[in-house]
Amino acid sequence: MRRKDREVTDEEKIKQIIKDCHCCRVGLYDGNSPYIVPLNFGYEEKENQKVFYFHGATVGKKITLIKNCNTVGFELDIFHGMQAASEACGYTCLYQSIVGSGTIHILDSVEEKLHGLQVIMEHYTGRKDWTIPPCAVDTVAVFRLNVKNLTCKEHV
């Protein structure tokens, strides 16, 4: 990281930034170019492993690319605004951001899929007690991203 003065290493602060984000962008490998998908997500830590969960259609480009190469990059950010200055070059953006990489997996078992969907719902609603009908679990793909590395930066 070039701007070490903006690096965030406090794990609780990193968790709070993730909690405050509403979208995670996942970069998939598509031959000679990246394919970036904005996704709703849930986050948890299990046995010192940072894990993101996503959901989506069971067919399509995202599924094909994950099956071809499950190494991904990801990014989350919160844009707080612009800090004005008297000269154009003095303007600066206020933000908090997270960038990382890991491996993404399509979940097969009903139990894993239900767990992932519960984590996603908790992220957006704060509730852990959702009842998800079996037909909904059967018709959706759920993905788990195991984080390999992650860096966090802020300018607030």
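How exposed is Lys15, going by its relative accessibility? Lys15 counts as partly exposed, because its relative accessibility is 31%. This is a predicted model.

## Salt bridges in the model

The structure holds 11 salt bridges.

## Lys15 and its partners

Take Glu12 to begin with. Its side chain meets that of Lys15 in a salt bridge, at 3.3 Å from N to O. Both residues lie in helix 1, which covers residues 11-20. Lys15 and Glu12 are three residues apart, about one turn of the helix. Glu12 counts as exposed, because its relative accessibility is 53% and the cut-off for exposed is over 50%.

Now turn to Glu45. The side chains of Lys15 and Glu45 also form a salt bridge, with an N to O distance of 3.9 Å. This pair links distant parts of the chain. Lys15 sits in helix 1, while Glu45 belongs to strand 4 (residues 42-46). The two are 30 residues apart. Glu45 has a relative accessible area of 35%, so it is partly exposed.

## Arg25 and Asp77

Arg25 and Asp77 form another salt bridge. Their closest N and O atoms are 3.1 Å apart. Here, too, distant parts of the chain are linked. Arg25 is in strand 2 (residues 24-30), and Asp77 is in strand 6 (residues 71-83). They stand 52 residues apart.

How exposed is Arg25? Its relative accessible area is 31%, so Arg25 is partly exposed. Asp77 is partly exposed as well, with a relative accessible area of 31%.

How values were computed
Residues numbered from 1 in each chain as written. Predicted model: local features only at pLDDT ≥ 70, side-chain atom pairs only at ≥ 80, totals over all residues. Heavy atoms only, no water. Salt bridge = Lys/Arg side-chain N within 4 Å of Asp/Glu carboxyl O. Helix = DSSP H or I, 4+ residues; strand = E, 2+ residues; numbered from the N terminus. Buried < 20%, exposed > 50% of the residue type's maximum accessible area, 1.4 Å probe, protein only.
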